[in-house]
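Got the sequence and the 3D view open? Here's a quick briefing on who touches whom inside this chain.

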Amino acid sequence: MKKVFNHKVLPIALAVSSALYSQQGFSQQKDDIEVIQVSGIRSSLTESMDLKKNASSIQDSIVAEDIGKFPDQNVAESLQRITGVMISRTNGEGAKVTVRGFGPKFNSVHLNNRIVATTDRGREFDFQSLPSELISGADVVKASRANISEGSLGAYVNIRTARPLDKAGFQAAGSINAKYNDLAEKVDPKISAIVSNTFVDDSVGLLFGISQLDVTNRIDSAGANRWAFFDASDTAFAPGPIVDESGNAVNSGNIWFPGRAWYSMDTESRVRTSVNSTLQWAQSSDLTHTVDVLYSKLDREAFGNGLQVPTQRDGFTDVVVSQYGTALAATKAASPIDGRFQLEGQESEQWATGFNSTLYKDDWTFELDLSYSKAEAIEKRGAYIPHIVNASVDQSVLPGDPGYKPNQEFGLILGEDYIRYDSRGGDVIEVESTLDWSDPASIRAHWNDVAQFEREDEVKSLKFDVNYQLDDGIFTSIDAGISVGQREKSQTAFRIPDGCVNVALPEAEQVRTCNSSIDLDDNIFSINNNSGFLSDVSGNFPRDFVLINDLSAFTDAIGQIRKEPNWTQTTIRPNETVSNTEDTLAIYAQLNMEGETSLFNWSGNVGFRHVKTDVASVGNTIELLAVESILGGSEGGLIEPTYTDPAFLTKENDYSNFLPSANVSLDFQNGYFLKAGAAKVMTRPAIEDVGVNRSFNYVRSTDAFQTGGNPLLEPYEATQLDISLEYYAENGDSYSFAVFRKDIATYISTSTVQRSDRFIIDKLDANDNVIQVPLVETITEKSNRDGGTVNGIEIAALHYFDYLPGILSGFGVQANYTYTDSSDDNADTFTQQNVMAPGNGLEGLSKNAYNVIAFYDKEEFQARIAYNWRESFLEFRQGPVLGSNGIPQHVEDYGQFDFSTSYDINENFTVNAEIINLTDESNLRYADVRERVVNLAYSGRRYQIGVSAKF
């Protein structure tokens, strides 16, 4: 099947012209139609503005256009239309939210004002598990109040599900859609239905909703990781010549180079089933009970075919260096190229249940809320890394045998074999080599790893709130309440004992796969000939690499070699297993006020929230005890580590936070509002950062990387100030200008320490000579420190062209812009030569971001085209090993067009279409300078077409 819409401008032109052309067919006014209810884009926006205008603090909202019809396929992608809200994506789909520069861990996401258990290691909510069809709206509260839960330096986000008593009588909606990803080239189904009805004189209501999604995606990506440096004067590591881009010799200074260039084509299948049910009983006009249940099951499996080219070993010649000290191009004596076959899967389930009773008694309101949420997930990972070698080498002739050629590396590589890389042509590194990555005959057994992580999250909460109506001048009411919560989150880790050998056998019987010359059956593999891999990117980089046809056949072959048929069976890893508990107790009081002056009416609130948190972490820790060198391979040697036995450990901590807040709103009675808020806010440390467990993520060649938790971390704390000027016109137009400031008193950052004084190891240099080098141990954990400041402005506008004649009156535009600036005076500074320091900005913060949405809503026809853009930002001050490897890592500017349209056939049936990522944009990550690309990924366009019905 040919790829649809190859030219980037064509989809936009088609979308816009389709919207304009379609309207011509039904431009006549229909005077005889009785309007029963208002729904659609305009009604949704108008209701959202009403919620914003009347909120008791500064907030933004989104509202479903109708029952079962949210503005976007994904809740996160609707939230990004709100001023100051940006999202991160997983395989092209919105996943987590960032608000005013504060990433997902700083934003507390609730469902019906309740915390939901999550399937990841942390507490961040992943919106991929929540179908938009079951959602009625969402609020993003930016100025905190005493009567909402703590935990947000960014914003308090509340997702609302529909309630049957909100609309009496029978209501039903359903949809059937076909989804298509133009990279995967596969049509998948998506169905949903929601039914609501009331009984017993509308005193009992029942709502039931279900959503089923089965989708296939493909992600094409390439990049470079394990960035490292050598000194240009080190002729043993880099014999040279080394020149700059003008041809001048470079004889000194640090030269940064990619440790590995990699290429991957991943196919992902995702099945999600979600069910939501709500039962309400209005026992009397003063007493209502509500029971909510939400269940979501998400199964995901992705398999990646690709390769990684070893550029990390010494022997650099013909090096071309940029002005920033990057080795843009170089030639090296060949080492075996790695096949890069990876399996990532997850089976997860989430439950969220709640009971609420609200009683009105004279001037009192009492509300009791009980909730329970549980999430379980099994994450599976597999890394299958064979070697790609010179197939012409006689595999039976080994070192010391007659006929063995000099410089022949373990029967895999000849001395004249080479690898040449060049990154001057674009964002994907071009590679040339005498080794043929498209020949299954070149594949040899090497290293493999299989791991599994079982996670469980359990959240229990009890809240009791009281409101008392006052009749005392400006004081209107008092809110007070208590909240008790308990959360337990655990991870049990499993991994195979060894990636190279069956350790259960006596050493004399063991067959080692790593760096072996053991051939694998060619029928296990095929060649990537017709996939169009990274077809939007030019360059002479690997496209026709070898694919695995049958993973089970590959693992069976490895099992035969290892004499271990069940080698993929994992065993528990105590040092990676941990359990965290978090007990919270919060009390609050809030005084609500309102009054009038000759200039304006006003309302406001002042209050406090006091919260105590007790945390405990239980797990095991290990230490690196000894290392053994194993010579050879693409890196000149491997490390066989020996660890201490796991030591059981329990750590406890507690902290208390007093959080005052005040908000005021001035209504000038002419559409203008001036709002302000001040509050002290906090975010608890990420759950994954407070474990006692310690993991050794990568121990091979000359490096050992370990990460550990810090159970004694204190929470993030900040004081924030918000001011917003807003205008609301009678026809629904609205405009706002807001400024905000956050002074961060306590922050948590990554601290990295390196030591090289414990172990000396052997390895081979480029000439296969044995040399001794120190093992560099990199130890990473989190620690508290002083914070910085964040300042910003937000501008938003909603304008209807209802004053235009005829069909033109259906047009409208919505736009917003956010500017955010941060100063982190205590940020770590970089003194490494030829590394561009990340500055003093906070991680995850884009200085500039904006949204522009043009829409049309007139009678039966609706259409919308939206563009969302955010500026590049610092992702990590010290990036991961499989990224920038300890130096800063950034995310490039990203903008995306989305288009949707619908036509009401009659009052019951609607046809709709949607295109996500119209212009096929890519995501790009890079290290400290733009030319050091870490990851370039294309996820393609996503199309949806379907029909919906409502009754």
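What follows goes through rings, charges, a strand pair and one tyrosine.

This is a predicted model, where local features need pLDDT of at least 70, side-chain atom pairs count only at pLDDT 80 or more, and totals for chains, interfaces and linings use all residues. Residues are numbered from 1 along each chain as its sequence is written, and side-chain values use heavy atoms, with hydrogens and water left out.

**Aromatic rings**

- A search of the whole structure turns up 35 aromatic pairs; rings of Phe, Tyr and Trp (its six-membered ring) pair if their centres lie within 6.5 Å, and planes under 30 degrees apart count as stacked, over 60 as edge-to-face and the rest as tilted.
- One of them is Phe106 with Tyr716, an edge-to-face pair at 4.7 Å centre to centre and 75° between the planes.
- That pair links distant parts of the chain, 610 residues apart: Phe106 sits in the loop between strands E3 and E4, and Tyr716 is in strand E36. (Strands, labelled E, are DSSP runs of at least two residues, numbered from the N terminus.)
- Phe106 counts as buried because its relative accessible area is 5%, and Tyr716 is buried at 0%. (Buried means under 20% relative accessible area, exposed over 50%, partly exposed in between, using a 1.4 Å probe and protein chains only.)
- Ring pairs also link Phe102, Phe106, Tyr716 and Tyr747 into a cluster.

**Charges over rings**

- The charged end of Lys53 sits over the ring of Tyr728, 5.7 Å from its centre; this label needs NZ of Lys or CZ of Arg within 6 Å of the ring centre and within 35 degrees of the ring normal.
- Arg100 lies over the face of Phe740, at 4.1 Å from the ring centre.

**Salt bridges**

- The count comes to 45 salt bridges, each being a side-chain nitrogen of Lys or Arg within 4 Å of a carboxyl oxygen of Asp or Glu.
- Glu93 and Arg270 meet in one of them, at 2.5 Å from N to O.
- Glu93 is in strand E3 and Arg270 in strand E14, 177 residues apart, and both residues are buried.
- Arg941 and Asp182 form another, at 3.0 Å, and these two are 759 residues apart.
- Glu379 and Arg455 meet at 2.7 Å. Glu379 lies in strand E20 and Arg455 in strand E23, so the pair ties together parts that are 76 residues apart in sequence.

**A strand pair**

- Strands E21 and E22 pair in the antiparallel sense over 4 bridges; strands count as paired if DSSP finds at least two bridges between them.
- Tyr421 stands opposite Val431 in E22.

**Zooming in on Tyr372**

- Where is Tyr372 found? Look in strand E20, residues 364–388.
- Tyr372 counts as partly exposed because its relative accessibility is 29%.
- Not counting residues up to four places away in sequence, Tyr372 touches Trp351, Ala352, Thr353, Glu458, Val459 and Lys460 (contact means heavy atoms within 4.5 Å).
- With Glu458, the side chain of Tyr372 makes a side-chain polar contact at 2.5 Å. (A polar contact is a pair of N or O atoms within 3.5 Å; within protein, one must be able to donate a hydrogen and the other to accept it, and residues adjacent in sequence count only if both atoms are side-chain atoms.)
- Tyr372 and Ile115 are 257 residues apart in sequence, with 8.7 Å between their C-alpha atoms.
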